[in-house]
Amino acid sequence: MALLEHRTSTYALEIAAWALPAVLGALLFARSQEGARATWLVVALMTAAFALDKAVDLHSVLRSAGQAVVMWIDPETRFRGKNAIFRVLLLGGIFSGGVLALWCFLRADRLTASKLTSVVGLVVVMAYLGLRLMPRASQTLESTGAGWAIEAGAWALVVAGELAAWRAAR
């Protein structure tokens with residue numbers, strides 16, 4: 001019972017931690033001028049999605065959907081054994097596509113150092129989530145605590161960029 005309470009309080013802390021940059025991003029979006037707002041919208045939406053993931057575990061839902069696609073494409077080995085490279089290529093392609101979509105959306109925005117800092121934090125989280133989909137990497141991240149360090153570093157980058165923008169807007 002105590003373990004369940006500990007996990008619940010940990011998840012509540014993580015939800016609150018990722019909700020903070022979502023709120024800050026929304027406030028920066030509202031305060032920014034037209035043509036300089038897209039980055040803050042992306043930051044607000046993505047960090048809200050991270051907070052939502054902590055609340056309802058979207059990562060598992062997406063992982064299950066991905067496994068269904070893999071079963072459809074490669075039902076015999078599911079991209080394991082000699083086909084493991086295809087798992088890496090698929091995840092790398094999805095990550096690269098996400099970064100490319102982010103870049104295409106943000107290139108029209110006037111990027112500043114604070115916005116780039118926040119976007120780098122988002123890219124780090126995206127890479128971390130991709131690593132968690134790799135079986136061996138996921139086990140290593142969980143057993144060593146490196147996952148917490150990566151996520152905390154990414155969160156710090158996002159918040160540092162937002163706070164710098166907030167100070168500059170004053």
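**Surface and rings**

Guide: Ile 85, Phe 86, Val 88 and Leu 89 make a nonpolar surface patch of about 370 Å². The model is predicted, so to speak of local features we need pLDDT of at least 70, and side-chain atom pairs count only at pLDDT 80 or more, while totals for chains, interfaces and linings use all residues. Residues are numbered from 1 along each chain as its sequence is written, and side-chain values use heavy atoms, with hydrogens and water left out.

Visitor: Where is Phe 86 placed?

Guide: Phe 86 is in helix H4, residues 84–106. Phe 86 is partly exposed, with a relative accessible area of 42% (buried is under 20%, exposed over 50%, partly exposed in between, with a 1.4 Å probe and protein chains only).

Visitor: New topic: how many aromatic pairs are there?

Guide: The structure holds 1 aromatic pair. Trp 18 and Phe 50 form it, edge-to-face, 5.1 Å centre to centre with 75° between the planes (centres within 6.5 Å; under 30 degrees is stacked, over 60 edge-to-face, the rest tilted; Trp counts by its six-membered ring).

Visitor: And which helices does the pair link?

Guide: Trp 18 is in helix H1 (residues 2–31) and Phe 50 in helix H2, 32 residues apart.

Visitor: Are those two buried or exposed?

Guide: Trp 18 and Phe 50 are both buried.

Visitor: What sits over the ring of Phe 29?

Guide: The charged end of Arg 37, 4.2 Å from the ring centre (the cut-offs are NZ of Lys or CZ of Arg within 6 Å of the centre and within 35 degrees of the ring normal).

Technical notes. Patch = residues over 30% accessible without salt bridge, like charges linked within 9 Å, V, L, I, M, F, W, Y side chains within 5 Å. Areas by Shrake-Rupley, 256 points an atom, 1.4 Å probe, with all protein chains shown as cover. Salt bridge = Lys/Arg side-chain N within 4 Å of Asp/Glu carboxyl O. Helix = DSSP H or I, 4+ residues; strand = E, 2+ residues; numbered from the N terminus.
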